[in-house]
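User: I would like to go through the labels attached to this model and see what each one rests on. Please set each value against its cut-off.

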Amino acid sequence: MKRASLGKIIFFTLILIAALILIKFYNINSISIEKMKEIQHVVDETSIGKIQVNWKDVAAIASVDYSLDTMTKQEIENTAKLFIEKKKTLYRLKEIDEVIEALAYTEKQKKEVHVYLKYLNDEGTGLNIGNKDSLQVSFISSIKGGAIDNYKEYGILPSITIAQAILESGWGKSELSVKYNNVFGIKSHNWDGKSVNIRTSEFHEENIQADFRVYDTISDSLQDHSVFLTENPRYEKNGLFSSKTYTEQATALQEAGYSTLENEAGEKIYGALLIELINQYQLQLIDSEAQLGYS
């Protein structure tokens, strides 16, 4: 066995031991992967039309008052709503410490919440992305900052921006991305800059030649993506900018015709593909991070 492999085994063994010690010492609620997925799903449903709540924050708060693996849908919804503050027609996402204070938890309970949250963030969930050095984590990290900045300026959720970049560029490995810094597959209609003609696919595995925009940097592509969506009225008309959560924005992009992707039955699948990526890589947590302090 290689020394590096042995080192990884020792490292992850120590993490597991540390997690088990924390669970025993703080009497941390056990939770199955299936229940984590259910909590995420219910929290995301509760967020629709309002603001994106972080399901891990919800689970950490609920761990004090409930047995997580037997929580009902109503109990999950009620806990998620603790993080949403309505101000007239706007919504604000509360920090977890705000919720803790409002619940008047004891010092012991406060510590339990933060320990459980650390457990979920570090070792306690099979929904984590994976190895920090992986292609997926590196790609997401490389555009996360720009995606958050663009959200604050234009209103496109970071999860949507990142998921579109993943889908359109094949994790930054497509020819259009590598050679021409175009990570969103934006064609050169109404474009005064450089363009390139390359082969692409439309609808269901239909190949065509098309002209695409060329950028000097990936940052330029990120910026132009938001400008492109803002300047094309069909996206506003289909509710992209009035949508508050990733499921709504993914649907709006599909209905506005951002992509022609279809399945064998001729059904539109672009929105579903974005939602699947966001759930798989927990990108909606970046939305929650970006929305803290914003209405």
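User: Why is aspartate 122 called partly exposed?

Analyst: The model is a predicted one. Aspartate 122 has a relative accessible area of 38%. Buried requires under 20% and exposed over 50%, so aspartate 122, at 38%, is partly exposed.

User: What makes aspartate 122 and lysine 118 a salt bridge?

Analyst: Their side chains meet at 2.6 Å, N to O. The cut-off is 4 Å between a side-chain nitrogen of Lys or Arg and a carboxyl oxygen of Asp or Glu, so the pair qualifies. Both residues are in helix H6 (residues 107–122), and because they are four residues apart there, about one helical turn separates them. Lysine 118 is partly exposed at 47% relative accessibility.

User: Why does lysine 35 count as buried?

Analyst: Its relative accessibility is 7%. The limit for buried is under 20%, so lysine 35 falls in that class. Lysine 35 forms a salt bridge with glutamate 38 at 3.0 Å, N to O. Glutamate 38 is partly exposed, at 29%.

User: How many salt bridges does the structure hold, and which residues are linked in a network of them?

Analyst: There are 12 salt bridges. Glu85, Arg92 and Glu98 are linked in a network.

User: What makes the pair of phenylalanine 228 and tyrosine 258 edge-to-face?

Analyst: The ring centres are 6.3 Å apart and the planes stand at 85°. Phenylalanine 228 is in helix H10 (residues 218–231), while tyrosine 258 is in the loop between helix H12 (246–255) and helix H13 (270–280), so the pair links parts of the chain 30 residues apart.

User: Why are phenylalanine 228 and tyrosine 258 counted as buried?

Analyst: Phenylalanine 228 has 14% relative accessibility and tyrosine 258 has 13%. Buried means under 20%, so the label holds for phenylalanine 228 and for tyrosine 258.

User: Why is the pair of phenylalanine 228 and tyrosine 235 called tilted?

Analyst: The structure holds eight aromatic pairs. In the pair of phenylalanine 228 and tyrosine 235, the centres are 6.0 Å apart and the planes make an angle of 55°. Stacked requires under 30 degrees and edge-to-face over 60, so 55° leaves tilted. Tyrosine 235 is buried, as is phenylalanine 228. Phe228, Tyr235, Tyr258 and Tyr270 form one aromatic cluster.

User: Which residues are closest to the centre of the second largest pocket?

Analyst: The second largest pocket holds about 810 Å³ of space. It is lined by 31 residues, with Gly185, Ile186, Lys187, Phe212 and Tyr258 closest to the centre. Strand E3 (195–202) is one of the elements that each supply at least two lining residues; E3 gives the largest share, five residues.

User: How do the lining residues of the second largest pocket divide?

Analyst: They divide into 12 nonpolar, 10 polar and nine charged residues.

Technical notes: Residues are numbered from 1 along each chain as its sequence is written. This is a predicted model: local features need pLDDT of at least 70, side-chain atom pairs count only at pLDDT 80 or more; totals for chains, interfaces and linings use all residues. Side-chain values use heavy atoms; hydrogens and water are left out. Rings of Phe, Tyr and Trp (its six-membered ring) pair if their centres lie within 6.5 Å; planes under 30 degrees apart count as stacked, over 60 as edge-to-face and the rest as tilted. Buried means under 20% relative accessible area, exposed over 50%, partly exposed in between (1.4 Å probe, protein chains only). On a 1 Å grid over the protein atoms alone, a cavity is a set of points where a 1.4 Å probe fits but cannot get out, and a pocket is an open set with protein on both sides within 12 Å along at least five of seven lines; lining residues have an atom within 4 Å of a point. Grid points are joined across faces, edges and corners, and a volume is the space filled by probe spheres set on the points. Ala, Val, Leu, Ile, Met, Phe, Trp, Tyr, Cys and Pro count as nonpolar, Asp, Glu, Lys and Arg as charged, and the others, Gly among them, as polar.
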